[in-house]
Amino acid sequence: MATINGKDIRKLVVACDAGMGSSVMLASTLRKQLGKSGVAVEHTPVNSIPADADVVVCHSGLAARARLVAPDKPIVPFQIFLGDPAVNRVVKAIQQGTDLNV
Amino acid sequence: MASSYTPEVSGSGFRARVQKLGGYLAGMVMPNIGAIIAWGLITALFIPVGWLPNESLAELVGPMITYLLPILIGYTGGRMVHGQRGAVVGATATMGVIVGADVPMFLGAMIIAPLTAYVLKLFDNAIEGKIRPGFEMLVDNFSAGIVGAGFAILGKLGIGPVVNTLTNAAGDGVDWLLDHSLMPLVSILVEPAKVLFLNNAINHGVFSPLGVQQVAESGKSILFMIESNPGPGLGLLLAYFFFGPKSLRPTTPAAMIIHFFGGIHEIYFPYVLMKPRLILAMMAGGMAGVATFMITGAGTVASPAPGSIFAFFAVTAKGSHVGMILGVIIAAAVTFGVASLLLGFGKLKSDQEPDETPDETADDPESSRKENA
């Protein structure tokens with residue numbers, strides 16, 4: 001368990017298997033929600049998570065792979081693609097500058 | 001690798017490795033789906049049995065499948081391993097397997113291109129910092145040229161013929177399954193693998209290379225329709241809408257739209273993973289869909305990717321539309337029926353909440369490990 005402050009997140013990466021389908025959908029949702037915060041939201045294949053990502057969001061079924069690729073990144077696994085509480089907590093932490101446990 | 005941020009993952013190493021290998025195969029094909037669809041549309045329109053038979057335009061079909069698509073895959077595969085230089089030698093080496101075989105060399109490209117790029121990468125790493133200033137370009141260009149030429153020759157003489165045999169054997173296997181009406185059994189393997197996020201690996205790593213070969217031979221293929229049929233996912237989401245845990249019911253209509261019309265199948269996987277017994281419903285629906293496609297002789301001319309009903313309409317071969325629609329509807333209906341039964345028609349008290357509520361799972365790493373295992 002570690003804590004990252006929402007204010008320290010400059011770049012949020014949504015990862016999925018191919019980086020072309022579900023991650024694009026979730027990234028566009030998050031981009032809308034985080035529009036005002038200035039946080040960059042990117043979508044990538046889980047095998048190529050960029051080095052400058054501050055936090056990585058991916059489905060729990062892919063979390064093991066994300067950890068292999070980016071062992072030092074905070075990874076937020078989620079269960080459902082629409083309105084998952086884990087994802088909502090990330091959004092809230094960024095918007096309000098509060099701490100996020102990952 | 002465990003750090004304060006990332007608790008050690010347990011029990012999922014094998015799955016992660018299989019996913020990674022599969023992701024690699026799919027990663028070579030998926031960026032090129034646009035070109036595959038372009039080829040599929042041209043094939044569907046202009047071949048003699050197509051919508052608008054045109055001998056002159058049909059001349060595009062052969063060179064595109066023989067050269068363009070394998071070279072694009074080889075280029076992408078090389079790029080994944082070693083950037084632009086890897087892409088160039090990957091495409092070059094792919095030319096060797098193309099000329100060394102008489103079937104579309106998707107599989108050959110997926111083997112030789114990353115291998116060639118990897119050899120160049122080893123060379124580049126070995127000489128890094130050891131080149132005299134001013135000679136970098138000379139060394140770079142000729143190392144790539146020599147590696148590319150070497151592997152093109154190796155591809156022509158060695159790898160091409162071997163992969164040719166393998167591809168033909170795999171094609172014969174598919175024909176055998178079709179001849180013996182066993183194709184629906186493939187769903188028993190495909191549906192569970194799909195919800196474990198091996199969907200792209202199966203569809204684009206396995207079915208696409210075999211499917212294009214079938215299209216080149218007979219103008220359509222059922223293989224593209226096995227994994228990508230949006231029917232079972234729709235049936236599952238409908239069952240959740242009527243009989244699922246009450247807390248999840250409101251999320252399903254949006255999920256249905258994204259799944260069925262948008263073609264993002266990943267959206268339904270969590271609903272299966274939450275109640276793993278529902279995989280039986282997915283298998284039953286998948287088998288019913290494949291059986292319908294098989295009985296009606298339906299096929300598509302390219303991979304409907306993403307697996308949206310719109311993509312299905314666009315790439316379904318001429319004369320296969322009725323079978324396609326039937327297969328999607330029957331798959332959805334069967335999955336809905338079995339899933340509803342497994343959900344006890346909403347009457348099982350224990351089922352009114354998901355086995356693991358998303359909230360708990362997100363808060364508690366233990367339960368997400370369970371989920372991963």
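Analyst: Two strands pair if DSSP finds at least two bridges between them. Strands are DSSP runs of E with at least two residues, and helices are runs of H or I with at least four; both are numbered from the N terminus. This is a predicted model: local features need pLDDT of at least 70, side-chain atom pairs count only at pLDDT 80 or more, and totals for chains, interfaces and linings use all residues. Residues are numbered from 1 along each chain as its sequence is written, while chains are lettered from A and ligands numbered from 1 in the order in which they are written.

Start with one strand pair. Strand β4 (residues 55-59) of chain A and β5(A) run parallel, joined by four bridges. A:C58 has A:P77 as its bridge partner in β5(A). Between the two strands the chain passes through helix α2 (residues 63-69) of chain A, and this β-α-β crossover is right-handed: with the strands pointing away from the viewer, the path from the first strand over the helix to the second runs clockwise.

Now the faces. In a regular strand the side chains alternate between the two faces of the sheet. In β5 (residues 75-78) of chain A, both faces are covered. A:I75 and A:P77 are buried on one side, A:V76 and A:F78 on the other. Buried means that 20 or more other C-beta atoms lie within 10 Å of the residue's own, with C-beta atoms placed from the backbone.

A:V57 reaches across. Beyond its neighbours within four places in sequence, its contacts (C-beta atoms within 7 Å) include A:V76 and A:F78. A:L12, A:V14, A:V87 and A:V90 are also in contact with A:V57.

A:V57 and A:C58 are among the residues with the most contacts inside the largest nonpolar core, which has 151 residues. Such a core is a set of buried Ala, Val, Leu, Ile, Met, Phe, Trp, Tyr and Cys residues joined through C-beta atoms within 7 Å. B:L236 and B:V272 are also on that list. Helix α4 (residues 61-99) of chain B gives the most to this core, 17 residues.

In α9(B), 11 of 13 residues are buried.

Chain B itself has 16 helices and zero strands. Of its 373 residues, 55% are buried.

Technical notes
Buried ≥ 20, exposed ≤ 12 C-beta atoms within 10 Å, placed from the backbone. Contact = placed C-beta atoms within 7 Å.
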